[in-house]
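This report concerns one protein model, shown below. Please keep the display at hand while reading.

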Amino acid sequence: MSFTDAYGTWEVIASSYQPSQEWIIHSSPVTQYSLLRFRFLTDWERWTNPYDGYRSMLLIRGHYSNNSGNSDWITGQRTVYVTEEPQLINYPPVQEFTDNPSVIRRLGVRRRFFKNATWIENHPTMDLKFDVTIEAFVS
């Protein structure tokens, strides 16, 4: 799904998605896109209070595969911090992979805590979860 706003045309990669601590590879290809926008939604009153729970961040990485699905390459991860304002991240594809038209890049996403995640799992009310919408700039 794509849409146009005051900044241009965007392709939606994930909409109101709550990331987990496991890597999820989104099915929408992002091979030709470099600029990604992350919009977050959470209980901002709790999020801005450092004593009201444990916050987490978003990790992203590129997953490359050929059309037959036989090969899979993973590129370095980037950190995206949860903020009230949308985050723009320049995350261009690796040229050596994208020079081959049969290679597709997808976005892998996971959530990571700043603190000990095991302790947080045993204290779920301290887990400040968030939803994220991920969009790729088309033009």
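The text below covers strand pairing, the nonpolar core, aromatic contacts and one glycine.

This is a predicted model, in which local features need pLDDT of at least 70 and side-chain atom pairs count only at pLDDT 80 or more, while totals for chains, interfaces and linings use all residues. Residues are numbered from 1 along each chain as its sequence is written, and side-chain values use heavy atoms, with hydrogens and water left out.

Helices (H or I, at least four residues) and strands (E, at least two) are DSSP runs, numbered from the N terminus. Strand β10 spans residues 131–137 and is largely enclosed by the rest of the structure, because five of its seven residues are buried; buried means under 20% relative accessible area, exposed over 50%, and partly exposed in between (1.4 Å probe, protein chains only). Two strands pair if DSSP finds at least two bridges between them. Strand β2 (residues 8–17) runs antiparallel to β10 and is joined to it by five bridges, with Ala 14 partnered by Ile 134. Strand β4 (residues 35–41) is also antiparallel to β10, over six bridges, and here Phe 40 is partnered by Val 132.

**Nonpolar core**

A nonpolar core is a set of buried Ala, Val, Leu, Ile, Met, Phe, Trp, Tyr and Cys residues joined through side-chain atoms within 4.5 Å. The largest one has 23 residues, and those touching the most other members include Phe 40, Leu 107, Val 132 and Ile 134. At least two residues of this core come from each of β2, β4, α1, β5, β9 (103–113) and β10.

**Aromatic contacts**

The whole structure holds seven aromatic pairs. Rings of Phe, Tyr and Trp (its six-membered ring) pair if their centres lie within 6.5 Å; planes under 30 degrees apart count as stacked, over 60 as edge-to-face and the rest as tilted. Two of the pairs are tabulated here.

| Pair | Centres | Planes | Class |
|---|---|---|---|
| Trp 10 and Phe 137 | 5.1 Å | 70 degrees | edge-to-face |
| Tyr 64 and Phe 97 | 4.7 Å | 35 degrees | tilted |

Trp 10 lies in β2 and Phe 137 in β10, so this pair ties together parts that are 127 residues apart in sequence. Trp 10 is buried at 2% relative accessibility, whereas Phe 137 is partly exposed at 26%.

**Gly 53**

Gly 53 is found in the loop between α1 (44–47) and β5 (56–66). Its relative accessibility is 6%, so Gly 53 counts as buried.
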